[in-house]
Each structure stands twice: as structure tokens, then as C-alpha cells.
Amino acid sequence: MFADYHVHTAFSDDSIYPMEKVILDAITMKMDEICFTEHVDYGIKVDWDSGQKIIYRGNEPMANANYPEYMKAIQAMKEKYGHQIIIKTGLEFGMQTHTISQFQKLFDCYDFDFIILSIHQVHDKEFWNQEFQKGKTQKEYNEEYYKEMLEVIQQYKDYSVLGHMDLINRYDNQGIYPFEKVKPWIQAILEQVIADGKGIEVNTSSKRYGFKDSTPSHKILELYKDLGGTILTIGSDSHKPEHLGAHIQDSKKMLQEIGFKQYCTFDHMKPVFHDLDR
């Protein structure tokens with residue numbers, strides 16, 4: 001089984017990769033299954049049809065995926081290419097505690113296979129530009145990041161996996177904060193994930209960012225296994241052709257080395273288990 005479960009196309013505001021081209025590339029790569037997971041980030045972005053002013057980052061509009069057009073496009077691609085590759089419908093919810101109700105309303109509108117729940121911002125402050133970290137100690141912004149994640153999953157349940165769980169590491173200019181110092185927060189998050197029958201993703205973009213460790217880290221994955229976690233997906237976080245399907249086979253081997261036996265795809269929000277050695 002060769003599946004990529006974190007894929008963005010031109011329906012995401014940070015990609016210009018056409019959906020049909022993604023599918024054709026995936027077929028060329030002999031991919032068995034692909035799940036599209038376009039960005040939705042309420043709080044810092046608005047819907048195209050909201051009537052609210054769209055904010056621009058340079059020349060790029062910051063807006064959520066055009067859901068009706070997105071759903072129509074996926075259906076058209078299923079009809080055209082469904083005999084060659086399994087195509088699944090997902091979104092990546094960049095959620096914050098104060099945006100939960102907006103995401104719940106969106107989730108209730110459509111029939112999804114898969115939802116990645118990610119923490120991309122806290123209090124509408126982003127990590128990549130250091131706005132969230134500004135004025136805080138490394139301890140403060142790391143703990144606040146995981147605290148937000150825990151509070152979100154304590155309140156919101158219509159998701160499949162937590163995306164790039166230790167994303168804050170990518171934007172920590174002071175270096176990787178020691179795992180043991182945030183382990184209590186991470187363990188509480190993983191225990192909640194497991195209790196709710198949810199999972200976590202392995203995000204292979206760590207390779208293209210040049211990280212020595214995986215995302216999430218080996219220590220998080222090991223803790224998840226020790227706590228009894230079994231639901232794992234693997235995704236490239238693709239935005240460009242060179243990202244698609246990258247390092248997925250390597251990640252499967254890494255998970256086997258940690259001791260996992262299976263990973264998952266999803267169908268109508270239910271995990272489907274596959275052996276890692278196939």
C-alpha cells in the first residue's frame with residue numbers, strides 16, 4: 001500500500017499545484033490512494049464567500065478553501081480517475097479554541113473521509129513569523145502551544161489525526177526545547193487522543209526541512225506506542241510536485257523500527273489498518 005494522507009493543491013492558498021496534476025503524478029508514482037487535505041484556518045483566514053475582507057500576504061490572498069468547488073472537483077476526479085487510484089476527501093483544520101464552533105459547522109456540512117487537526121496559530125498569532133513567540137520565553141511558548149492543543153481536543157472530537165504534532169519545533173529559533181520538559185503536556189494529549197479513538201500523523205516534511213528527527217519526534221512516537229496508540233497516518237504535506245509521496249516508504253520503515261506493525265488510511269472517518277511491511 002502506497003498512500004499519501006496530507007496533500008494540498010491549488011485549493012489551498014499556499015499552493016498552485018492543480019488537483020488533476022496531483023492525481024496524474026500520483027498515478028505515475030504508482031500510488032494506491034491519495035487524500036486531499038486543503039487548509040482551513042479560521043481566525044486568521046476567512047471563507048471566500050463570507051463577505052468579509054480577505055487579507056493579503058504580499059500578493060497572496062489568505063482565504064480558506066472554496067469548499068463547494070473543492071467538493072465538486074474531488075467528485076469529478078473520482079469519476080475520471082477512480083479506476084486508477086483511490087481518492088479520499090479531507091481537510092486540514094488549523095484549529096484554535098476560539099474557532100471550534102466554526103469548524104464544527106463546516107464539518108457538519110459535508111461528508112468527509114479524513115480530517116487532520118493541526119495547531120497552526122494560538123490567539124491568531126502565527127509561528128512562522130515569530131509573532132506567537134515574541135515576548136515569551138522558550139518555556140512559555142512551548143507550553144502554551146501544547147496547552148492549546150490539549151484544550152482543543154478536549155472540546156472537539158470530529159477529527160481523525162493530530163497533524164505534525166510538534167510543529168512548534170520547526171519555528172523555534174532557540175533550538176529544540178527538551179522533550180522531558182513538555183512530556184507531561186504531550187502525554188496528556190496522547191492519552192486524550194487514544195481515549196477518543198483518534199490518531200496522530202507522521203509528517204514527512206521533516207526531511208525537506210532538514211530536521212534530524214521525525215515529525216513528530218521519535219520520542220513522541222515511542223510514547224504514543226507505549227501508551228497503546230495504534231492509529232497512524234503518513235503524509236508528505238505536499239504543496240509542490242517534488243513534495244508528493246516523498247519519504248513515505250522511509251517513514252514506514254522508521255515506524256517498524258519503533259515497533260509499530262500497522263498504519264492507517266481512512267474511509268468515512270473510520271480508520272482502515274494496513275500492515276507496514278506491505
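Which residues does W48 touch, not counting residues up to four places away in sequence? I shall open with that, colleagues, and then turn to the sheet and the helices.

The model is a predicted one, in which local features need pLDDT of at least 70 and side-chain atom pairs count only at pLDDT 80 or more, while totals for chains, interfaces and linings use all residues. Residues are numbered from 1 along each chain as its sequence is written, and side-chain values use heavy atoms, with hydrogens and water left out.

To the opening question, then: W48 touches I54, P61, A63, N64, A65 and N66, where contact means heavy atoms within 4.5 Å. W48 is found in the loop between β2 and β3 (55–57). Strands and helices here are DSSP runs, numbered from the N terminus: E of at least two residues for strands, H or I of at least four for helices. With 43% relative accessibility, W48 counts as partly exposed; buried means under 20% relative accessible area, exposed over 50%, and partly exposed in between, with a 1.4 Å probe and protein chains only. From C-alpha to C-alpha, W48 and T265 are 30 Å apart in space and 217 residues apart in sequence.

Let me move to the sheet. It is open, has seven strands in the order β1-β2-β5-β6-β9-β10-β11, and its pairing is parallel; two strands pair if DSSP finds at least two bridges between them. At the edges are β1 (3–7) and β11, each of which pairs on one side only.

Within this sheet, T37 has its place in strand β2 (residues 33–40). Why does T37 count as buried? Because its relative accessibility is 0%. Leaving aside residues up to four places away in sequence, T37 touches Y5, H6, V7, H8, Y70, G90, L91, E92, F114 and I116.

Five of its five residues are buried, so β10 is largely enclosed by the rest of the structure. G199, E201 and N203 point one way from β10, and I200 and V202 the other way. On one pairing, β10 runs parallel to strand β9 (residues 161–162), joined by two bridges. Here V161 has G199 as its bridge partner, and L162 stands opposite I200. From β9 the chain crosses through helix α5 (residues 179–195) to β10, in a right-handed β-α-β crossover; that is, with the strands pointing away from the viewer, the path from the first strand over the helix to the second runs clockwise.

Strand β10 also pairs in the parallel sense with strand β11 (residues 232–235), over four bridges, and E201 stands opposite T233 there. Helix α8 (residues 248–258) lies across β1, β10 and β11, at about 150 degrees to β11. Axes are lines fitted to C-alpha atoms, for helices over the stretch in contact, and angles run from 0 to 180 degrees between N-to-C directions.

Next, a helix pair. Helix α1 (residues 19–28) and helix α2 (residues 67–81) pack at an angle of about 35 degrees, their axes 10 Å apart. M19, E20, I23, L24 and I27 of α1 meet Y70, A73, I74, M77, K80 and Y81 of α2.

Finally, the hairpin. Strands β12 (residues 262–267) and β13 (residues 270–275) run antiparallel and are joined by six bridges, with Q262 opposite D275. Two residues lie between these strands, and H268 takes a positive phi near 50 degrees.
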